[in-house]
Amino acid sequence: MDRLFTVSVTENRQLIENHFLLTLHPRKKIRRPEPGTFFMLSVDSGLDPLLKRPLSVHRWLGSDFQLLYRVAGKGTAILSRRKPGDILEVIGPLGNGFPLKQSPKGAVLVAGGIGIAPVFALAEKLSSQRPLLFYGARTKQEVLCLDGLKRLGVQAVISTDDGSLGTKGSVINVLTQVASENPDMLRGQTFYACGPEPMLTALSGFAVQRGMKGYAALEERMACGIGTCLGCVVNTTGGYKRVCKEGPVFALDEVIWERGKSQELGGRQ
Ligand SMILES: Cc1cc2nc3c(=O)[nH]c(=O)nc-3n(C[C@H](O)[C@H](O)[C@H](O)COP(=O)(O)OP(=O)(O)OC[C@H]3O[C@@H](n4cnc5c(N)ncnc54)[C@H](O)[C@@H]3O)c2cc1C
Ligand code: FES
């Protein structure tokens, strides 16, 4: 498989509790990953855990690349213990990425929690347009990449669940407020989002109500990451689709959102 390669860990820096920025050096030349694509990464050089974990491209540094991750369970906890010089196996870049030609009138970025990982990559790509970003997290501490966003000239509207930074409440609350106070700001724009499913569900409703288009990078659990196991399917208006192959980015109005899930709208659990 031409997209299978090994990387050496250059740096695995803890940013805040349970959040790490991992810099990897590919040991062969790889093609530049587009925002919204992802890598399947082994978290250890051994066989436990056997399955690689999907992580979105966060930054491309020319030949090295960075992943931004939150420790969610066993695999990412093992990954957090990787040291410079460790060798890991990677497949990628995988998936479709954000479809930028679909935003003739401009892009509005929306990130919830660790969803900032792929959204930052997109902000970097669109930096000449000084994109508008709505970014929600649980607390001030969990608002990541602020310096990088500032350097890119991104206009970031921050919200936190506890009000410790920006507006108190969810990104959707803030969007609703902006849409009522300044409707021209969002008119004709296309959303590009990543975050917890309740946030994406609410964003989809928000966009549909206002006749706006949007795309979201989904984060289903994955086993193979290359389209063979069918472990990552989502229900869409066009039938079941594989997040790893037809996605991970889908149109907001294409996904049949499971509205019964957790109502949390800030950081991803
Ligand atoms: C395309 C894609 C891109 C992703 N990009 C990033 C990223 O850039 N940064 C990042 O921190 N995370 C990202 N994720 C999520 C990340 O892959 C999972 O957090 C990770 O695989 C969990 O592995 P684990 O062994 O640590 O946890 P596990 O022990 O496997 O699971 C721990 C908990 O997390 C839940 N969980 C596991 N995987 C997922 C998932 N994919 N979606 C939702 N809940 C899950 C489990 O149900 C369980 O409750 C991405 C997922 C996908 C599919
Ligand atoms: S993870 Fe196997 S088909 Fe998507």
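A107 counts as buried, at 8% relative accessibility; the cut-off for that label is under 20% relative accessible area. The model is predicted. A107 lies in strand β8, and β8 belongs to an open, mixed sheet of seven strands.

**A107 and its surroundings**

- Setting aside neighbours within four places in sequence, A107 is in contact with L126, P131, L132, Q189, T190 and Y192.
- Two of these contacts, T190 and Y192, fall within the residue range of strand β12, 190-194.
- A107 and K213 are 106 residues apart in sequence, yet their C-alpha atoms are 9.9 Å apart in space.

**The seven-stranded sheet**

- The strand order is β11-β10-β9-β8-β12-β13-β16.
- The pairing in this sheet is mixed.
- Strands pair through backbone hydrogen bonds, in either the parallel or the antiparallel sense.
- β11 (167-168) and β16 (249-251) are the edge strands. Each has a single partner strand, so one side of each has no neighbour in the sheet.
- β8 (residues 107-112) pairs with β12 (residues 190-194) in the parallel sense. Five bridges link the two strands.

**The buried helix α2**

- Helix α2 spans residues 116-125. Eight of its 10 residues are buried, so the rest of the structure largely encloses this helix.
- The buried residues are I116, A117, P118, V119, F120, A121, L122 and A123.

- Strand β14 covers residues 233-236, and strand β15 covers residues 239-242.
- The two strands pair in the antiparallel sense over four bridges.
- A hairpin joins β14 to β15 through two residues.
- V234 of β14 has K241 as its bridge partner in β15.
- In a regular strand, side chains alternate between the two faces of the sheet.
- β14 has a covered face, made of V234 and T236. Its uncovered face carries V233 and N235.

Conventions:
Residues numbered from 1 in each chain as written. Chains lettered and ligands numbered in written order. Predicted model: local features only at pLDDT ≥ 70, side-chain atom pairs only at ≥ 80, totals over all residues. Heavy atoms only, no water. Pairing = 2+ DSSP bridges. Buried < 20%, exposed > 50% of the residue type's maximum accessible area, 1.4 Å probe, protein only. Contact = heavy atoms within 4.5 Å.
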